[in-house]
There are 2 protein chains.
Amino acid sequence: MQTTISQYINNLFPQFEPALKQLLAEVATLKTFAAGEMMMETGQYFKSTVLIVEGRAKLYRQGEEGGEFFMYYLEPGNACALSLICATKQETSEVMAKALEDTTVLMIPIGMMDDLMKNYKTWYYFVLETYRTRFQELLEVIDGVTFKGLDERLMFYLTNQYKKLKTRQLSITHQEIATDLNSSREVISRLLKKMEQRGELSLQRNYIEWLK
Amino acid sequence: MQTTISQYINNLFPQFEPALKQLLAEVATLKTFAAGEMMMETGQYFKSTVLIVEGRAKLYRQGEEGGEFFMYYLEPGNACALSLICATKQETSEVMAKALEDTTVLMIPIGMMDDLMKNYKTWYYFVLETYRTRFQELLEVIDGVTFKGLDERLMFYLTNQYKKLKTRQLSITHQEIATDLNSSREVISRLLKKMEQRGELSLQRNYIEWLK
DNA sequence: TTTTAATGGTGACTTAGGTCACATCAACAC
DNA sequence: GTGTTGATGTGACCTAAGTCACCATTAAAA
């Protein structure tokens, strides 16, 4: 009842051409991270390119004085954009990646990158598309921080959670939100309370119901 | 005495393989923008991939309410990362690009991208490297806005100017700086004054001498 | 059941940065 | 010279957000 590499590839990357699927099935290996485990830390070297096939991970930036700042999630079918670029150049990671649930990834040896890129058009499209979406996501992140107040950013954050998790019942603490937004718990609590008073959500312990 | 396309390519992209250089020389066209002219605006379609060969352009993000936020410069030898991604997908630009000096660019029809990417290894490396550095630059930008105060960001901005322009004499107004940092003129003036008092720079009209 | 630790609420205070209203001041046209 | 224009200086004030101190509630561990 365990999913094989081929099955993962067929389900999550149907657009890959048959020869590419077969090649990946041969050279890729699976690796599993427990919920909460760090998948990548700043300064670490990439040994392989990573495709998420199960679970969910969050990518965030860490400031010098220990602050954190959430960038985006990686979900099944996503590649870690940085592992695509940095792997080929023996660069180190610029971000932290943490498994939010038990997460399984497909690891492709970095030596394969050149070959894949040159010989498999669907791979090359996949890589470009990955960059494009991540770049765009970073731009949105920048917009948020530069042009919007914390209230709007919080709203955006919650909407995003709802969209990604497909449930209005979010199991999350105020502290977690504060950390992701690089703010402080009290401020987030106050803003949430205001939103509750406006009828936009309902607050319980460890739990927020999004009503919009 | 006009520089030819071949000369530009040889000078600025020596790493390209001979066949690639020759191909580009055949298909690329030159376009010139006057200082101050907009090269790309948010929402516009990409008709070609753009390589800068002369001059200097700045890329910035525009907020909904008209705010601006500087991202990075494009200089001779650089490609516009977005034109590399978006061109292939018929996407529209997410950023504004403005020529700071008279700027000449090499335009490569987007139809070529697939071919270039698949058949010219040095092109493919160039594209990846472009992404990598721009992605990194965006990460730095994010760090600045989230983890640092305006004083540090201003310092970083000036250092950057100095490095890029290779002169400590910066012809720039307080207003321009404020716009780039999405701040206000008064605040920048005050911070500059403090830096002057600390002996880090000297202020004149339309002109800042960076002493560090 | 008692203890402990995590979570959330709240008021008081501080601070960075934005805004407003003017006052200067240098440069250049005339 | 004189006037005009854009660049800069400055004080008063406002606001979002961070910080601190402390308490109440709940859940989980012992």
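Of the 18 residues around DNA strand C, those that come nearest are A:His174, A:Arg185, B:Leu150, B:Ser183 and B:Arg190. The model is predicted. Around DNA strand D there are 19 residues, and A:Leu150, A:Ser183, A:Arg190, B:His174 and B:Arg205 come nearest.

**Surface near DNA strand C**

- Sugar or phosphate accounts for 45% of the atoms of DNA strand C that lie within 4 Å of the protein, and bases account for the rest.
- A:Arg190 places a polar side-chain atom 3.4 Å from a base nitrogen of DNA strand C.
- B:Glu186 has a polar side-chain atom 3.2 Å from a base nitrogen of DNA strand C.
- At the backbone of the DNA, a polar backbone atom of B:Leu150 is 2.6 Å from a phosphate oxygen of DNA strand C.
- Two elements give two or more residues to this surface: helix 8 (185–197) of chain A and helix 8 (185–197) of chain B.
- Helix 8 of chain A gives the most to the surface near DNA strand C, namely five residues.
- By class, the residues near DNA strand C are eight charged, eight polar and two nonpolar.

**Surface near DNA strand D**

- Of the atoms of DNA strand D within 4 Å of the protein, sugar or phosphate makes up 44% and bases make up the rest.
- A polar backbone atom of A:Leu150 lies 2.6 Å from a phosphate oxygen of DNA strand D.
- A polar backbone atom of B:Asn206 is 3.0 Å from a phosphate oxygen of DNA strand D.
- B:Arg205 has a polar side-chain atom 2.9 Å from a base nitrogen of DNA strand D.
- Helix 8 of chain A and helix 8 of chain B each supply at least two residues of the surface near DNA strand D.
- Helix 8 of chain B contributes the largest share of that surface, with five residues.
- The class counts near DNA strand D are nine polar, eight charged and two nonpolar residues.

**Aromatic pairs in chain A**

- A:Phe13 and A:Phe126 are both buried.
- The ring centres of A:Phe70 and A:Tyr157 are 6.2 Å apart and the planes stand at 85 degrees, so this pair is edge-to-face.
- Because A:Phe70 belongs to strand 5 (residues 68–74) of chain A and A:Tyr157 to helix 6 (residues 150–165) of chain A, the pair ties together parts that are 87 residues apart in sequence.
- A:Phe70 is buried at a relative accessible area of 9%, and A:Tyr157 is buried at 4%.
- One aromatic cluster is formed by A:Phe13, A:Phe16, A:Trp123 and A:Phe126.

**Charges over rings**

- In chain A, A:Arg134 lies over the face of A:Tyr72, 4.4 Å from the ring centre.

Definitions and conventions:
Residues are numbered from 1 along each chain as its sequence is written. Chains are lettered from A and ligands numbered from 1 in the order in which they are written. This is a predicted model: local features need pLDDT of at least 70, side-chain atom pairs count only at pLDDT 80 or more; totals for chains, interfaces and linings use all residues. Side-chain values use heavy atoms; hydrogens and water are left out. A residue is near a molecule or strand if one of its heavy atoms lies within 4 Å of it. A polar contact is a pair of N or O atoms within 3.5 Å; within protein, one must be able to donate a hydrogen and the other to accept it, and residues adjacent in sequence count only if both atoms are side-chain atoms. Helices (H or I, at least four residues) and strands (E, at least two) are DSSP runs, numbered from the N terminus. Ala, Val, Leu, Ile, Met, Phe, Trp, Tyr, Cys and Pro count as nonpolar, Asp, Glu, Lys and Arg as charged, and the others, Gly among them, as polar. Buried means under 20% relative accessible area, exposed over 50%, partly exposed in between (1.4 Å probe, protein chains only). Rings of Phe, Tyr and Trp (its six-membered ring) pair if their centres lie within 6.5 Å; planes under 30 degrees apart count as stacked, over 60 as edge-to-face and the rest as tilted. A charge sits over a ring if NZ of Lys or CZ of Arg is within 6 Å of the ring centre and within 35 degrees of the ring normal.
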